[in-house]
Amino acid sequence: MRKSDVSVAKNYLNEAEIKLLGLLVEQYLAFAETMAQQRIPMYMRDWIQRLDAILQINGRELLTHAGQISHQMALEKSALEYDKFRETQKQLQHEESLKELEQDIDRLSPSRKNEPD
């Protein structure tokens, strides 16, 4: 995972949620293709209404407001959480490296086997 990945919301979806998102996108694109095949002109407001309809048909709740968290606040929070995650990962890797080093030393040094812990 890269730091740039944490600012993309879909990166937090599990497999089932990604599949659902893909199905919704397929439905929307199928509708768009149908309109294109029939040469029916569509305006931006039409696309918004159709997307809302597809979401509602699928039992999804529509977001009717901008929310309470700004984009900048979300980016700052995700960056902070990523930094914590990376620090934890570094610590785990460091501990694993030390364990591997001890195991290597034990294998190479028969005299250590006789030392008390």
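View 1. Of the 117 residues of the protein chain, 9% count as buried, where buried means under 20% relative accessible area, exposed means over 50%, and partly exposed lies in between (1.4 Å probe, protein chains only). The model is predicted, so local features need pLDDT of at least 70 and side-chain atom pairs count only at pLDDT 80 or more, while totals for chains, interfaces and linings use all residues. Residues are numbered from 1 along each chain as its sequence is written, and side-chain values use heavy atoms, with hydrogens and water left out. The protein chain exposes about 10400 Å², of which carbon and sulfur atoms supply 55%; these accessible areas come from the Shrake-Rupley method with a 1.4 Å probe, and for residues only the protein chains shown count as cover.

**View 2. Helix 2 and the residue that follows.** The secondary structure comes to 3 helices and 0 strands, taken as DSSP runs (helices H or I, at least four residues; strands E, at least two) numbered from the N terminus. Just after helix 2, Gly 59 takes a positive phi of about 75°.

View 3. The whole structure holds 3 aromatic pairs, defined for rings of Phe, Tyr and Trp (its six-membered ring) with centres within 6.5 Å, planes under 30 degrees apart being stacked, over 60 edge-to-face and the rest tilted. One of them joins Tyr 28 and Trp 47 edge-to-face, at 5.9 Å centre to centre and 75° between the planes. Because Tyr 28 lies in helix 1 and Trp 47 in helix 2, this pair ties together parts that are 19 residues apart in sequence. Tyr 28 counts as partly exposed, at 21% relative accessibility, and Tyr 28, Phe 31 and Trp 47 form one aromatic cluster.

View 4. The ring centres of Tyr 82 and Phe 85 are 6.3 Å apart with planes at 40°, so the pair is tilted. These two residues, Tyr 82 and Phe 85, are 3 residues apart in helix 3 (residues 71-108) and are therefore separated by about one helical turn. Tyr 82 counts as buried at 9% relative accessibility, whereas Phe 85, at 35%, counts as partly exposed.
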